[in-house]
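Reader: I would like to learn how to read a structure such as this one feature by feature, with the general idea given before the particular case.

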Amino acid sequence: MSKSTKNKRTKKMDVLFIIDATGSMAKTIQAAHDKAEDLAFDLNISNRTALFNFGCICYRDPVDAKKDVHEIFDFSPEIEDLANFLENVKASGGGDKPEDYVGALNEAFNKLHWRSGKKAIIWIADAPAHGKRYCGKENHQEEEEKLEPLVQRLAEDNFYFVGISLKNGADRTFNEMKAIYD
C-alpha cells in the first residue's frame, strides 16, 4: 500500500464472517469460503477510506453433540490469513437440522478482539437456529430465548448484519433476526 493510500484510510471496519460448518454444508462449504474471501477482497479494494480487519467463526452444533466445536479466526487485515484458515475448515457434525446460532454469536462477542469503529457480520448458513420461532418446530427451546438478546445487542451496538441463506434453509431464522434487529 502506498503512503498516500495509507494516509487516506482512516475509518476502521471489522468484518466477521460467520459460516455454518456442519455436515449439511459438505457440498457447499468451499463455495461459502470462496464467497467470504471474494467479499473480503471486494470490500478492501472498493473502499479507499476504511482500514479493514476480517475475522471468521465456523460454527457447528455442540448443543446436540458436545464434540462439535466452533473454529475461530480472530481479526486480521491479512486476507491471505483468512483464506488459509478457511482452507483448513471442513464441514462436520450437526445431527439435526437447526444449528448453534447462540454459540456463534457468543463467540463473536466474547472471544474476538473487535476494534472501535464500524462492525459488520456476514452470516452464511443453510440451516436455521434452534427453537420453534427460528426453525418452525420444537427443538432445544432453551436456545430460543437466548438468541433474541444477542440479536438485540447487534442492533444496540450498530452492527451491520447480512444473512445469506443457502437453499433457503436459514430464511426463517434470518427473517426473525431481522424483525428483532429492526
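Predicted model: local features only at pLDDT ≥ 70, side-chain atom pairs only at ≥ 80, totals over all residues.

Reader: How many bridges join S1 to S2, and how many join S1 to S4?

Author: Helices (H or I, at least four residues) and strands (E, at least two) are DSSP runs numbered from the N terminus, and two strands pair if DSSP finds at least two bridges between them. Strand S1 (residues 11-20) runs parallel to strand S2 (residues 50-59), to which ten bridges join it, and Phe17 stands opposite Cys56 in S2. The chain passes from S1 through helix H2 (residues 29-46) to S2 in a right-handed β-α-β crossover, meaning that, with the strands pointing away from the viewer, the path from the first strand over the helix to the second runs clockwise. S1 is also joined to S4 by seven bridges, again in parallel, with Met13 opposite Lys118 and Ile19 partnered by Ile124. S4 in turn pairs with S5 in the parallel sense over six bridges, where Ala125 stands opposite Ser165.

Reader: How many residues of S1 and of S4 are buried?

Author: Buried means under 20% relative accessible area, exposed means over 50%, and partly exposed lies in between (1.4 Å probe, protein chains only). Eight of the ten residues of S1 are buried, so this strand is largely enclosed by the rest of the structure; S4 is mostly covered, with seven of its eight residues buried.

Reader: Which residues have the most contacts inside the largest nonpolar core?

Author: A nonpolar core is a set of buried Ala, Val, Leu, Ile, Met, Phe, Trp, Tyr and Cys residues joined through side-chain atoms within 4.5 Å. The largest has 27 residues, and those with the most contacts inside it are Leu16, Ile18, Tyr101, Leu105, Ile121 and Trp123. Two or more residues come from each of S1, S2, H4, S4, H6 and H7, and H4 gives the most, with six. Trp123, leaving out residues up to four places away in sequence, touches several residues, among them Ile18, Tyr59, Phe161, Phe174 and Met177. A second, separate core of 24 residues includes Ile29, Ala32, Phe54 and Ile79.

Reader: Which residues of H7 are buried, and why can they be said to line one face of the helix?

Author: In helix H7 (residues 171-181) the buried residues are Thr173, Phe174, Met177 and Ile180; they fall within an arc of 120°, so they line one face of the helix. The face turned away from that buried side carries the exposed residues Asn175 and Ala179. The buried residues pack against helix H4 (101-110), strand S4 (118-125), helix H5 (132-135), helix H6 (141-156) and strand S5 (160-165).

Reader: Is Glu107 buried or exposed, and which residues is it in contact with?

Author: Glu107 lies in helix H4 and counts as buried at 14% relative accessibility. Apart from neighbours within four places in sequence, Glu107 is in contact with Ile57, His70, Ile72 and Leu112.

Reader: What is the phi of His140, and what is that of Lys167?

Author: Most residues other than glycine have a negative phi. His140, however, has a positive phi near 50°; His140 sits in the loop between H5 and H6 and is partly exposed, at 26% relative accessible area. Lys167 has a positive phi of about 55°; Lys167 is in the loop between S5 and H7 and is exposed, at 66% relative accessibility.

Technical notes
Residues numbered from 1 in each chain as written. Heavy atoms only, no water. Arc of directions from axis to C-beta. Contact = heavy atoms within 4.5 Å.
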